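Subject: Structure for your study

Dear colleague,

Please find below the structure that I am handing over to you. I would ask you to keep it open while you read the notes that follow it.

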2 protein chains.
Amino acid sequence: MGAHAGIVVTGTEVLTGRVTDRNGPWLAEALRQLGVDVAHVLVVGDRLADLRSALLFLAGTGVDLVITSGGLGPTADDLTTEVVGDVQGRPSVLDPELERRIHAIVTGLMSRRGWHLHPEATAAGVRKQAMVPAGAAVLEPIGTAPGLVVPVAEGRSGPPVLVLPGPPAELQGMWPAALADPAVHQALHRRTEIRQQTLRLWNTPESELAATLRHLEPGLGGLEITTCLRGGELEVVTRYGPAEQPAYDALAAAMQRAYGQALFSPDGRTVDDIVADALQQRHLTIATAESCTGGLLAGRLTDRAGASGWVQGGLVVYSDMAKRDLAGVPAELLERVGAVSAEVALALAEEARSRLGADVGVGITGIAGPGGGSQDKPVGLVHLCVVGPSGRLPKRVELPGSRDDVRARSVTLAMHMLRELLTG
Amino acid sequence: MGAHAGIVVTGTEVLTGRVTDRNGPWLAEALRQLGVDVAHVLVVGDRLADLRSALLFLAGTGVDLVITSGGLGPTADDLTTEVVGDVQGRPSVLDPELERRIHAIVTGLMSRRGWHLHPEATAAGVRKQAMVPAGAAVLEPIGTAPGLVVPVAEGRSGPPVLVLPGPPAELQGMWPAALADPAVHQALHRRTEIRQQTLRLWNTPESELAATLRHLEPGLGGLEITTCLRGGELEVVTRYGPAEQPAYDALAAAMQRAYGQALFSPDGRTVDDIVADALQQRHLTIATAESCTGGLLAGRLTDRAGASGWVQGGLVVYSDMAKRDLAGVPAELLERVGAVSAEVALALAEEARSRLGADVGVGITGIAGPGGGSQDKPVGLVHLCVVGPSGRLPKRVELPGSRDDVRARSVTLAMHMLRELLTG
């Protein structure tokens with residue numbers, strides 16, 4: 001029947017979207033790799049009653065382990081330890097040894113940063129962070145906050161709660177110690193292998209995929225298939241136990257037959273992976289010249305470690321002056337066909353390539369909006385061009401959505417054009 | 001006592017972090033502005049039982065309205081309508097008029113995109129999307145999926161469920177119609193004004209803020225204060241009812257006295273707002289030259305509509321060759337002090353400015369890692385420089401964290417250096 005865990009992410013800043021939660025997804029995936037299933041991630045604000053009801057809900061779903069992230073700082077809105085101790089029937093007490101260790105960390109941090117703080121203020125914050133529910137195990141701080149493993153009080157039943165800090169680097173750094181804790185280990189002892197495979201399709205309608213899956217359905221028993229459309233890519237993720245491997249293989253083969261080239265990634269690699277690998281394997285370098293995307297394509301190409309092996313650099317030519325002076329697009333051309341045109345996209349790709357001495361060049365020019373559109377050239381109109389040793393690929397699109405959408409979609413489209421040019 | 005809503009975000013792709021949820025935060029903020037409080041956002045995968053338990057949990061917390069996003073597509077893993085109908089005691093029936101309208105939308109979409117699909121496959125998907133719980137109100141599709149307002153069955157008690165589509169543009173587009181629905185309007189009739197104010201501090205330790213707030217505490221009754229540290233910025237968000245305005249004003253004044261310049265935003269404006277406004281008001285233009293951040297600063301500066309009024313463009317000089325050939329950094333300098341140096345950061349800022357004819361220039365060069373570090377120049381070492389009409393500001397930092405962290409922190413730091421140069 002497998003092992004199950006539930007996750008509570010605390011923080012009003014997460015609930016209201018001022019900060020994007022990275023911990024829920026990271027924990028869900030780390031647990032999946034361990035063979036632990038997650039059904040719910042709850043995001044709650046920094047309020048006692050709301051956190052309490054979230055913990056009780058998860059315990060009530062029958063999970064083997066509850067994991068919390070956040071709410072362990074020195075400020076008054078950090079109340080996870082208190083609430084977890086309360087729910088588990090274990091009131092908190094000061095751990096003087098832990099207090100000493102945290103104090104050393106905090107004062108070291110302050111002095112390295114050249115920050116001066118009243119000793120009493122420091123001491124009060126440290127004391128708060130050294131309160132530990134009676135009988136809980138302490139996980140040593142990665143930052144300043146310790147993690148905790150809090151079993152339910154004796155004589156009561158319920159899952160243990162693993163309390164982790166909110167900063168992703170601290171949470172991830174503490175994960176190995178958390179898994180090594182005997183109570184956590186025991187809670188997850190029923191874990192079983194959960195496999196996950198991803199197929200990616202480009203330029204395929206979701207209803208067509210739905211029809212294909214409906215057609216294959218009799219053979220899909222035991223596979224948990226989820227599909228997701230984003231930025232023109234259709235992602236098909238399948239989870240299954242080891243016994244279902246033949247069913248998955250049959251699905252993958254049927255998808256390959258049905259979609260051919262549109263199934264650009266049969267093995268889960270992203271378009272970024274494919275482009276980076278193609279550049280690297282063929283010893284090609286790349287350069288960009290971007291107008292409406294303003295550097296986002298260059299930023300994406302340099303995302304991965306080792307990008308210096310193939311990315312030369314790029315031009316951000318936001319103004320017409322920059323297109324002329326920096327990228328050498330002839331003023332006459334800009335005047336005649338306008339900055340948003342197939343001709344300028346091609347010129348940008350060629351100039352990026354030649355000015356940066358790269359093998360492959362990309363040019364993007366468009367109207368991201370919300371202003372700047374016209375009858376002939378509406379908001380969302382983008383011209384792209386990729387040029388390489390084996391030829392060139394131009395494209396004209398009218399993209400829907402907001403300014404952010406148009407910019408993001410343009411960058412993804414450019415990645416797929418690169419993929420086609422380099423691997424097609 | 002106010003109105004309360006609970007939110008369920010569906011989708012295994014969101015639960016596992018393959019897609020970042022934008023709907024939960026958007027809805028929470030839209031509700032806050034209406035005067036409706038949100039305590040929980042639940043993220044659930046595409047499984048019947050998990051969605052069911054999430055809906056029952058929220059109804060059990062006593063909220064006035066439950067809102068769902070996602071799970072309304074044509075594929076088999078889209079099961080929100082079915083589960084909501086079931087929980088509310090209202091089995092779904094086909095709405096033939098709605099089926100006709102969705103069919104017209106889908107076939108129009110297909111033909112515009114040049115996609116060809118078997119008529120039966122289209123019809124099956126459309127039929128699924130036209131199933132409506134008996135007695136529910138239909139909200140017209142923005143994309144292909146209709147929204148729903150599903151009251152609880154007669155004779156039973158519980159909040160109505162507002163069912164919205166997953167794509168953010170569709171969800172947001174449907175929001176006005178959802179609010180105009182009589183059942184939604186009635187559910188939220190107890191809403192009261194909830195004010196929210198934000199203060200932003202730069203380069204201030206969280207424990208110092210904790211001490212300040214602890215000191216002020218006797219006067220803070222009725223204010224809900226949350227603090228959040230991210231990328232070196234400390235954000236203090238306060239929510240309160242109209243009666244607490246004097247308490248908030250006193251807090252804001254006390255914070256101003258305690259932190260002076262470090263409180264760079266007393267009115268919630270972001271550093272991006274402040275830099276854009278300063279450039280615009282002073283009629284200054286800006287250009288960038290980026291190495292380790294690879295275009296992300298230019299991408300951020302061009303994020304906002306109207307950026308063409310002040311952003312000229314930028315250079316992405318990822319390779320040493322690009323630094324030399326594109327930005328004109330002397331080969332001798334690169335050889336003598338290395339690409340990651342104060343001298344090169346200054347040269348990049350100056351060259352960005354002069355080559356793009358801008359008033360303000362920014363140069364960034366550093367080691368984002370994970371490779372490429374040395375004893376003298378460790379991973380995380382970044383040199384930045386901003387140059388403007390009123391002088392220059394250089395900075396050397398050693399940033400902790402991953403490659404992504406170093407790149408993101410460098411960009412934020414550059415924004416604050418621009419703020420200081422332009423408004424200091």
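In chain A, helix 16 lies across strand 14 (360-366), strand 15 and strand 16, and runs at about 25° to strand 15 of chain A. Please bear in mind throughout that this is a predicted model.

Helix 16 (residues 403-423) of chain A also packs against helix 11 (residues 271-281) of chain A, at an angle of about 40° and with the two axes 9 Å apart. Helix 11 of chain A and helix 16 of chain A are therefore oblique to each other. Their crossing is left-handed. On the side of helix 11 of chain A, the contact is made by V271(A), D272(A), I274(A), V275(A), A278(A) and L279(A). Helix 16 of chain A contributes M415(A), H416(A), L418(A), R419(A), L422(A) and T423(A). Sorted by class, this contact of helix 11 with helix 16 of chain A has eight nonpolar, two polar and two charged residues.

Which order do its ten strands follow? The order is 16(A)-15(A)-14(A)-12(A)-13(A)-13(B)-12(B)-14(B)-15(B)-16(B), in an open sheet with mixed pairing. Strand 16 of chain A and strand 16 (391-398) of chain B are the edge strands, each pairing on one side only. On average, neighbouring strands of this sheet are turned by 10° against each other, direction ignored.

- Strand 15 (residues 381-388) and strand 16 (residues 391-398) of chain A run antiparallel and are joined by eight bridges. These two strands of chain A form a hairpin, with two residues between them. Within this pair, V386(A) stands opposite L393(A) in strand 16 of chain A.
- Strand 12 (residues 286-290) and strand 13 (residues 311-317) of chain A run parallel and are joined by five bridges. Here T288(A) has G314(A) in strand 13 of chain A as its bridge partner.
- Strand 13 of chain A pairs with strand 13 (residues 311-317) of chain B in the antiparallel sense, over five bridges. G313(A) has V317(B) in strand 13 of chain B as its bridge partner.

Chain A has 16 helices and 16 strands. Its C-alpha trace spans about 80 × 65 × 40 Å along the principal axes. Of the 424 residues in chain A, 50% are buried. Among the contacts in chain A between residues at least 6 apart in sequence, 67% join residues at least 24 apart.

How many residues of chain A are in contact with chain B? There are 88 residues of chain A in contact with 88 residues of chain B. The largest share of the side of chain A that touches chain B comes from helix 9 (residues 206-216) of chain A, with eight residues. By class, that side of chain A has 43 nonpolar, 30 polar and 15 charged residues.

Most residues other than glycine have a negative phi, and most peptide bonds are trans. The following places depart from that pattern.

A cis peptide bond, with omega of about 0°, joins G369(A) and P370(A). P370(A) is found in the loop between strand 14 and strand 15 of chain A. In chain B, the peptide bond from G369(B) to P370(B) is cis, with omega near 0°, and P370(B) lies in the loop between strand 14 (360-366) and strand 15 (381-388) of chain B.

N203(A) is not a glycine, yet has a positive phi of about 65°. N203(A) is placed in the loop between strand 9 (195-202) and helix 9 of chain A. Is N203(A) buried or partly exposed? N203(A) is partly exposed, because 15 other C-beta atoms lie within 10 Å.

H283(B), also not a glycine, has a positive phi of about 55°. H283(B) sits in the loop between helix 11 (271-281) and strand 12 (286-290) of chain B. With 9 C-beta neighbours inside 10 Å, H283(B) counts as exposed.

Finally, Q129(B) is located in helix 6 (residues 119-129) of chain B. Q129(B) is buried, because 25 other C-beta atoms lie within 10 Å.

Yours sincerely,

A colleague

Terms used
Residues numbered from 1 in each chain as written. Chains lettered and ligands numbered in written order. Predicted model: local features only at pLDDT ≥ 70, side-chain atom pairs only at ≥ 80, totals over all residues. Axes fitted to C-alpha atoms, helices over the stretch in contact; angles between N-to-C directions. Helix = DSSP H or I, 4+ residues; strand = E, 2+ residues; numbered from the N terminus. Parallel < 35°, antiparallel > 145°, perpendicular 65-115°, else oblique. Left-handed = near helix turned anticlockwise from the far one by under 90°. Contact = placed C-beta atoms within 7 Å. Nonpolar A, V, L, I, M, F, W, Y, C, P; charged D, E, K, R; others polar. Pairing = 2+ DSSP bridges. Buried ≥ 20, exposed ≤ 12 C-beta atoms within 10 Å, placed from the backbone.
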